[in-house]
Amino acid sequence: MAFSNEQLERYSRHIILKEVGAKGQKKLLNSSVLIIGAGGLGAPAAMYLAAAGIGRIGIADADEVDLSNLQRQIIHATEDLGKAKVQSAKETMNRMNPDVTVDTYRTFVDSENITDLIKDYDFIIDGTDNFPAKFLINDACVMAGKPFSHAGIIRFKGQLMTYVPGQGPCYRCVFKNPPPKDAVPTCKQAGVIGAMGGVIGSLQAMEAIKYLLGVGDLLTGYLLTYDALKMEFRKIKLPKDTSGCAVCGDHPTITELIDYEQAECDMH
Amino acid sequence: MKLTVAGEVKEVQDGITIAELIVQEKVETPEYVTVSVNDEFAKSENFQTQVLQDGDTVEFLYFMGGGQ
Ligand SMILES: [Zn+2]
C-alpha cells in the first residue's frame, strides 16, 4: 500500500522520526487497538491513537454521555449529551482522521464477552473505572496472551503499567485480588482532576504506539506513578518473580474468568 | 538504621517490622497496600513479623481504581 499525498502530509511528523519512518507509519495503519471504557482515560487515548493513524480502533462502553463527564472526557462535547459514548467517540475519531476504522461495542465487559472482544486486537487499553473490570481485563489478556496497558486515576494521582506476555508481572501479580466493595475509593465520590485523564490516558496511547512500532522500553516490570500536587513521576520497579501468580504464574489457580461484584458507587 | 522508602532514604528504629513502617509512614488504606522489599513482594500475612534490615528498599503499591 502506497501513501497518498494527503497521508504523507498528515503523518509527516511521524515519518520524519527515525523510530517511525514510512515503515512504522504503515505498521500503525495496519494495527488495531481496543480501548475498554470511553471515559477519562479512554478519551485522550482514543484521540491520540486515531490521530496517529492506528488503522482500526475498537471502543467498548455501555454508558451515555452525561454532563458530569465533560469536565474530563474530551472526546465528547456538550451536543453529545445523552448519546452513547461509543457513538460520540466514533464521531470524534472519524472527524479527526478518516484513515481510521472505528468499531463500537456498546457494552460493559464481562466474563462472557471479553475474550471475543479482545481476540482481534493487537493491544488493549484498560480505561475502566472499577476493580472488577480491571481484574477481568488482566485475566482475559493473560489467558489470551494479549498485551495491555493498565491505568488508574483518582484525585491528583494516576498510575499505569504495561503487561506483555512473558515479559514481566501482570496486574494480579501486584494486586492479587480486588479490594472489597467500597474499601478503596474508586469513583465519583472521590473526584479527579480532568487533566489527569489526559496525562495518564496519553501515556497509555504512547505505550500502545511503542509496542506496535517495537521501539523503546515499555512499562513492563514497572509501575509509573504520577502525583500532580507534588509534580512527581516515579518509575517503581516491580518484583520480577511471577511464578506464584494465581493467573500468570507457573501453576495458575485462576483458569476461568471471574465476574466480581461491582462497588456501589460504580452502579448506574 | 536507614531504609529507602518510596525512593527516599529514611532513618528508622532498628528492628522495625513492615506493619510498624506502614503505621509510621501513614500509609492510606493499609489493609490493601502491596509492599515490596528489595524487589520481592512481602506477604501480607507476614507484615506483623517481617523485620526490615538496614539498607532495605521498600515500596508501597496502591490500588487505584478510577478511570472513567
Ligand atoms: Zn501475574
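**Entry 1: a buried lysine**

A polar contact is a pair of N or O atoms within 3.5 Å; within protein, one must be able to donate a hydrogen and the other to accept it, and residues adjacent in sequence count only if both atoms are side-chain atoms. With that in hand, I looked up A:K134 and found its side chain reaching the backbone oxygen of A:A151 at 2.7 Å.

Before going on, I noted that this is a predicted model, where local features need pLDDT of at least 70 and side-chain atom pairs count only at pLDDT 80 or more, while totals for chains, interfaces and linings use all residues. Residues are numbered from 1 along each chain as its sequence is written, chains are lettered from A and ligands numbered from 1 in the order in which they are written, and side-chain values use heavy atoms, with hydrogens and water left out.

Is A:K134 buried or exposed? I found A:K134 buried, with a relative accessible area of 0%. (Buried means under 20% relative accessible area, exposed over 50%, and partly exposed in between, with a 1.4 Å probe and protein chains only.) A:K134 sits in helix 7 of chain A. Helices (H or I, at least four residues) and strands (E, at least two) are DSSP runs, numbered from the N terminus. Leaving aside neighbours within four places in sequence, A:K134 is in contact (heavy atoms within 4.5 Å) with residues including A:D126, A:Y171, B:M64 and B:G65.

**Entry 2: the cores of chain A**

Next I looked for nonpolar cores, meaning sets of buried Ala, Val, Leu, Ile, Met, Phe, Trp, Tyr and Cys residues joined through side-chain atoms within 4.5 Å. The largest has 35 residues, and A:I114, A:I124, A:C170 and A:Y171 have the most contacts inside it. Which helix gives the most to this core? Helix 7 of chain A does, with eight residues. I also noted a second, separate core of 29 residues, which includes A:A45, A:V102, A:I125 and A:A208. In soluble globular proteins, nonpolar side chains tend to be buried together.

**Entry 3: where chain B meets chain A**

How many residues does the contact take from each chain? I found 19 from chain B and 43 from chain A. The two chains bury about 2400 Å² between them, 59% of it on carbon and sulfur atoms. Buried area is the accessible area (1.4 Å probe) that two parts lose on being put together, summed over both. B:F63, B:M64 and B:Q68 supply 38% of the area that chain B buries against chain A, more than any other three residues.

I then checked salt bridges (a side-chain nitrogen of Lys or Arg within 4 Å of a carboxyl oxygen of Asp or Glu) and found two between the chains. A:R234 forms a salt bridge with B:E59, with the closest N and O atoms 2.7 Å apart.

**Entry 4: two positive phi values in chain B**

Phi of B:K26 is near 50 degrees. B:K26 lies in the loop between helix 1 (18-24) and strand 3 of chain B, and B:K26 is exposed, with a relative accessible area of 70%. Phi of B:D39 is near 65 degrees. B:D39 is in the loop between strand 3 and strand 4 of chain B, and at 35% relative accessibility B:D39 counts as partly exposed.
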